[in-house]
Amino acid sequence: ALFTGLYPVSRSGLTSRPLAEILWRHGYRTEAWTGGGVMDFRMGFGRGFDNYRVHDWIRELDQLAADLEQSRGRRRFLFLHTYEPHDPYIHTEFAEALPGGRLDGYFDKGIWSGFGKRLTADEKRYVEALYDGDIAYTDRQLEALFDRLEKSGRLDRTIVVVTSDHGEQFWEHGSWRHGQNLYDYQLLVPLIVHLPDKLKQQLDIPLGSRVIEQQVRLIDLYPTLLEILGIALEKEVQGRSLLPLMRGESLPEVEALAEDLNIENRDSKALRFRDYKFIRSRAVVAGLPDPQSETDELYALRADPAEHSNLAASRLDLVTSFAGKLETLSEHAWEEKRPGFDKQELDSDLENKLRALGYLGN
């Protein structure tokens, strides 16, 4: 979604070059430093990058800073990806004064499964404090990186985007982690865009900071960045440029689509509007979603932001309207058989990384 401006599955038959490839074709050096795992180049994310490396850069800022210094004077697109604050949670600064029960400074999917997915109230608070510590660590490391850019004078010539692929659920709907449902705990992510003042003036964007309340989507970053850089879209994408919102103008409200294929026997899709969330789930039989097994959820987000009161049975008018929109977007995606996964493609290092992150085993 970030690299193509398209939804991962419900692409409506559209295709686009990855962002890195487009920028490479326009003279940028393109480089990625990633945490590996599901972002390993063998998963297909390396297309368009001059250099795509697996490196724990967030713990080794000196090496990253040295690399940035060597590339002075060149137009560059740098994709920095880290698994912080993904589990395992390891930073204890907010947990040290709390009773940890059976936990001691570490928590991951293996421990969660080993405890039968049951924790005491104290243990749950301890886990949340560990997660807060991981967030604080990440925040400090990013601050140190941006301070270096500012002191070297490069921040005034750099567009910076900070975002995430998902949030985390902490038992709000009975479980922990992510990839299990489409509630807002997992869907809402930070999005911070920094533009140099000179560029803002060129683009008629007011100086200073602006908070945009309107719902936007990760697929919108692709056309936004290309327009900021003066690069025309080669093809239609599902995202739209956010430049008007950055200028203080308005855009029509638009729904956001979310898709969850992470559960082997269930396929779920959601449409999120400003006031409502609609979720339709189908059981997967022989690799295909079964339309005879679908269940619907409808939540009024302003009155019920925790998404606990399902209104689907009482608001059939909205269900019919939202389901029609969802079916149009997902017409072909519902019909596609799930791809198989060949474990033989993994070497031991990648397999161990995926297992440590909770993507294999347990």
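A nonpolar core is a set of buried Ala, Val, Leu, Ile, Met, Phe, Trp, Tyr and Cys residues joined through side-chain atoms within 4.5 Å. With that term in hand, let us turn to the structure above, which is a predicted model.

The largest nonpolar core here has 21 residues. Those with the most contacts inside this core are L19, L23, F49, F77, F79, Y222 and L226. Three elements, α1, β3 and α7, each give two or more residues to it, and α1 supplies the largest share, four residues. Apart from this core lies another, of 15 residues, among them Y7, F273, L318 and L326.

I shall consider helix α7 next, which spans residues 221-228. How many of its eight residues are buried? Seven of them are, and the helix is therefore described as mostly covered. The buried residues are L221, Y222, P223, T224, L225, L226 and I228. They pack against α1 (19-25), β4 (160-163), β7 (191-194), α6 (197-202) and α8 (243-246). Leaving aside residues up to four places away in sequence, Y222 touches several others, including L2, F3, P18, L19, I22 and V237. Just after α7, G230 takes a positive phi of about 75°.

Now to the sheet that contains β3. Strands of a sheet pair through backbone hydrogen bonds, either parallel or antiparallel. In this open sheet of three strands, the order is β2-β1-β3 and the pairing is parallel. Why is one side of β2 and of β3 left without a neighbour in the sheet? Both β2 (51-54) and β3 (76-80) stand at the edges, and each has a single partner strand, so one side of each has no neighbour there. On average, neighbouring strands of this sheet are turned by 10° against each other, direction ignored. Strand β1, residues 29-34, is joined to β2 by four bridges; W33 has R53 in β2 as its bridge partner. Helix α2, residues 61-70, lies across β1, β2 and β3 and runs at about 170° to β3.

Finally, helix α9, residues 316-329, has 14 residues and reaches 20 Å from its first C-alpha to its last, close to the 20 Å expected at 1.5 Å a residue. Its buried residues are L318, V319, F322, A323, L326 and L329. These cover an arc of only 120° around the axis, which means that they lie on the same side of α9. On the other side, L316, T320 and T328 are exposed.

Technical notes:
Residues are numbered from 1 along each chain as its sequence is written. This is a predicted model: local features need pLDDT of at least 70, side-chain atom pairs count only at pLDDT 80 or more; totals for chains, interfaces and linings use all residues. Side-chain values use heavy atoms; hydrogens and water are left out. Two strands pair if DSSP finds at least two bridges between them. Axes are lines fitted to C-alpha atoms, for helices over the stretch in contact, and angles run from 0 to 180 degrees between N-to-C directions. Contact means heavy atoms within 4.5 Å. The expected span of a helix is 1.5 Å times one less than its number of residues. Buried means under 20% relative accessible area, exposed over 50%, partly exposed in between (1.4 Å probe, protein chains only). The arc is that of the directions from the helix axis to the C-beta atoms.
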